[in-house]
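Welcome! Please take a moment to look at the sequence and the 3D structure below before reading on.

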Amino acid sequence: MPNVLAAQGQSVYDVAIRALASRRDLRAITDSLEKEIASRGVSDKRRRAMEMELEAHRQRLANGDMAPGDRILVRVFFDAPREDPPGARQDTVIVSPESTIRVAGLPPISMKGILRSEVESHLLAQVSAVIRNARVSAVPLVSIGILGAVTRPGYFYVPMTSSVTDAIMVAGGPTADADPNGLVYQRGGRQHWDRGTMAAVSQRQVTLASLGADDGDVLVINKNSPPLDRGFLFGSLGLVAQLFFVLSTR
């Protein structure tokens with residue numbers, strides 16, 4: 001992801017690395033942060049921010065990304081004859097309070113300590129141990145609001161690998177009065193990425209993962225500004241001029 005997509009002092013590329021980081025990536029990031037924290041010339045404010053980020057990455061390495069309530073879109077493909085008809089199973093599985101999921105009728109599979117980037121390989125290893133020649137596709141889902149000038153505004157579970165454009169289509173696509181440059185990304189009720197970044201995002205196949213999407217984030221598609229009613233404008237100006245004339249002659 002080009003570094004030109006940047007906001008709040010960080011690039012979309014950097015956020016993407018963190019959202020779907022591999023264990024190796026996270027270790028490299030923590031090593032880099034540790035060195036920078038220990039270096040001279042770092043302000044106290046910057047050091048505190050880096051220490052918080054470092055702790056967050058350490059927690060991810062220890063506990064993984066998958067929490068109870070998280071959802072994963074899982075497809076299991078069967079190449080070998082078995083009791084069930086050959087083909088593929090698709091399901092949205094939910095991580096239980098015990099941090100387990102059930103896939104293809106197998107015993108519960110633990111998701112403790114698993115990063116988002118490891119979900120597919122982890123499930124493949126677990127399923128393949130029981131079902132010969134099985135193939136697995138697994139994509140973590142994120143719950144985001146898609147609001148404003150779309151056909152069916154609401155909150156949807158969308159694959160993190162979906163592009164922003166595909167996510168908008170889940171809500172039925174933009175309405176006829178949608179502003180193609182009016183895309184806003186919010187987190188906690190506040191703008192999270194600036195308008196320049198989102199304008200670039202709307203023109204490229206940028207994924208939700210690349211934006212560091214998190215549950216509860218909101219995409220707002222604004223409407224086009226209504227055309228200026230010149231008759232109303234000139235009438236209002238005339239009324240103001242007439243009122244000014246009356247007041248000035250008193």
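What follows is a walk through some strands, a pocket and a few individual residues.

A word on the ground rules comes first. This is a predicted model, in which local features need pLDDT of at least 70 and side-chain atom pairs count only at pLDDT 80 or more, while totals for chains, interfaces and linings use all residues. Residues are numbered from 1 along each chain as its sequence is written, and side-chain values use heavy atoms, leaving out hydrogens and water.

Let us begin with strand E7, which covers residues 134-148. Helices (H or I, at least four residues) and strands (E, at least two) are DSSP runs numbered from the N terminus. In E7, 12 of the 15 residues are buried, so the strand is largely enclosed by the rest of the structure. Buried here means under 20% relative accessible area, whereas exposed means over 50% and partly exposed lies in between, with a 1.4 Å probe and protein chains only.

Which strands pair with E7? Two strands pair if DSSP finds at least two bridges between them. Strand E3 (residues 71-78) runs antiparallel to E7 and is joined to it by seven bridges; there, Ile72 has Pro140 as its bridge partner. Strand E8 (residues 154-159) is also antiparallel to E7, over six bridges, and Gly145 stands opposite Tyr155. Five residues lie between E7 and E8, and the two strands form a hairpin. Strand E11 (residues 218-223) pairs with E7 in the parallel sense over four bridges. Here Ile146 has Leu219 as its bridge partner, and Gly148 stands opposite Ile221.

Helix H5 (164-170) and strand E9 (178-187) each supply at least two residues of its lining. What classes of residue make up the lining? There are eight nonpolar, two polar and one charged.

Arg23 lies in helix H2 (residues 23-38), and a polar contact of 2.9 Å joins its side chain to that of Glu118. A polar contact is a pair of N or O atoms within 3.5 Å; within protein, one must be able to donate a hydrogen and the other to accept it, and residues adjacent in sequence count only if both atoms are side-chain atoms.

His122 sits in helix H4 (residues 119-128). Is His122 buried or exposed? Its relative accessible area is 17%, so His122 is buried. The side chain of His122 reaches the backbone oxygen of Ser110 at 2.8 Å.

Finally, look for Ser210 in the loop between helix H6 (195-201) and E11. Ser210 counts as buried, at 9% relative accessibility. The side chain of Ser210 makes a polar contact of 2.8 Å with the side chain of Thr207. Ser210 and Leu20 are 190 residues apart along the chain, yet their C-alpha atoms are separated by 8.4 Å.

How values were computed: Ala, Val, Leu, Ile, Met, Phe, Trp, Tyr, Cys and Pro count as nonpolar, Asp, Glu, Lys and Arg as charged, and the others, Gly among them, as polar.
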